[in-house]
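Visitor: Please put the model up. I have some questions about individual residues and about the fold as a whole.

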Amino acid sequence: MERKELTPTAEEKHLTRAILIGADTGEYDAESSMDELSELAQTAGAEELARVIQKREAYEAATVIGEGKLAEVKELCGSLGAELLIFDCELTASQIRNVEDETDVRVIDRTMLILDIFAGRAVSREGKLQVELAQLKYRLPRLMGIGASLSRLGGGIGTRGPGETQLETDRRHIRRRIDKLSAELKELEERRGYTRERRRKDSVQVGAIVGYTNAGKSTLLNLLTGAGVLAEDKLFATLDPTARAIELPDGRSLLLVDTVGLIRRLPHHLVEAFKSTLEEAASADIIIHVCDASDPEAAEKAEVTLKTLADLGAAEIPVVTVLNKCDLLTETIPEDDSTVKISAKKNQGIDRLLHVIAANLPETAKRMKLVLPYDKAGLTAKLRENGKVFSEEYTETGILVDALVDQLLVKQMTEYEIK
């Protein structure tokens, strides 16, 4: 994703002035991770004043970064007027408290930032419940640190969702709230399970659109179905899943489901909270993996997506790889039987994409042209009930039928097929 420069009107937009902090222990590419943290901060409504990275063998137990580097951060906060410090790792309650005591600036970590974005983006009841549950579970062991932060500095990025007063209440109250949310989500998850079961019984095939956040999943869904899903050049623009049906070139219907965008080092709290949403991918008949082909890190991000799918138990499901934003490329990328180059924004490559999806979708029905004898006319009703009849014509020799025949009926219909 092309990073946008913040305009001089940052103050008018009430952006939170933030400094980004990371400790490079060699565990992952710290520079790339900080770039992503910057995009997350921008999405949440922060203005990046500066970023500080310290190479270390391990995190400092008390403050993540060393004493000298923390003193530098304190000076930066004073000179730049920072209101928030965002750490590119998970912090403990004592680390939050220690850094805040030293700098007198509010502190949040990467997970709290992502949760804050989710809190602002959730629309459906289930989405809101999932976000609140994830926030409470994450904040419960950190109440001591976060509580002090909220008391001293009030709201802002990292505090949206359940609200200040709720987070400052005792642990017992929060545990009761967690239990209540878990029960409500379990009920919604069961309903989602019934819906999936009903789809299976009705032979409805499902295609899950998955991919790294901001790869163009919602834009593609809108193009294919006219779903009207919010599509922005921001991380996690879509949080709640949307399902819409399309017709493939071979006559089969496919229910497309848009899923929450993935991200490297996606906190396990979020994977757990949004498991029911991500399970749409695990129970799909085909996975449509959208990649931003113009992104220099496209291969690494695709790997993150495939690993997450494997963790969800979706490794055996057929995958069609969609290389989006190919209009921005200068070099040529080869296509194959399961890889398609498109530009969702410019409506390029969509016809081939639909043919490739149809070719890779497990066959549960077959399009057949049949001549049914008049004494077998009752079979047309069975074809309608279990498949789809495109045309029906009465001729001298029998009923000429063009139909999508359910796999269970294919063998029975073979003797009437026009070869």
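Visitor: Is Asp-109 buried or exposed?
Guide: This is a predicted model, where local features need pLDDT of at least 70 and side-chain atom pairs pLDDT 80 or more, while totals for chains, interfaces and linings use all residues. Residues are numbered from 1 along each chain as its sequence is written, and side-chain values use heavy atoms, without hydrogens or water. Buried means under 20% relative accessible area, exposed over 50%, partly exposed in between (1.4 Å probe, protein chains only). Asp-109 has 0% relative accessibility, so Asp-109 is buried.

Visitor: Which side chain does the Asp-109 side chain join in a polar contact?
Guide: Asp-109 sits in strand S4, residues 106-109; strands (E, at least two residues) and helices (H or I, at least four) are DSSP runs numbered from the N terminus. Leaving aside neighbours within four places in sequence, Asp-109 is in contact (heavy atoms within 4.5 Å) with Phe-87, Cys-89, Glu-90, Leu-91, Tyr-138 and Arg-142. A polar contact is a pair of N or O atoms within 3.5 Å; within protein, one must be able to donate a hydrogen and the other to accept it, and residues adjacent in sequence count only if both atoms are side-chain atoms. At 2.3 Å, the partner is Tyr-138.

Visitor: What is the phi of Val-64?
Guide: Most residues other than glycine have a negative phi. Val-64 lies in the loop between strand S2 (46-55) and helix H2 (67-80). Val-64 is buried, at 2% relative accessible area. Val-64 is not a glycine, yet its phi is positive, about 70°.

Visitor: And what is the relative accessible area of Asn-347?
Guide: Asn-347 is in the loop between strand S10 (339-341) and helix H13 (350-360). Asn-347 also has a positive phi, near 60°. Asn-347 is partly exposed, with a relative accessible area of 49%.

Visitor: How do the axes of H1 and H4 cross?
Guide: Two packed helices are described by the angle and the distance between their axes. The axes of H1 (residues 30-44) and H4 (residues 110-121) come within 10 Å. Axes are lines fitted to C-alpha atoms, for helices over the stretch in contact, and angles run from 0 to 180 degrees between N-to-C directions. The crossing angle is roughly 35°.

Visitor: How far apart in space are Leu-181 and Glu-126?
Guide: Leu-181 is in helix H8, residues 171-201. Leu-181 is buried because its relative accessibility is 0%. Not counting residues up to four places away in sequence, Leu-181 touches Leu-129, Glu-132, Leu-133 and Leu-136. Leu-181 and Glu-126 are 55 residues apart in sequence, and their C-alpha to C-alpha distance is 9.8 Å.

Visitor: What share of the protein's residues is buried?
Guide: The protein has 15 helices and 13 strands. Among contacts with a separation of 6 or more, 69% join residues 24 or more positions apart. Of the 419 residues, the buried share is 51%.
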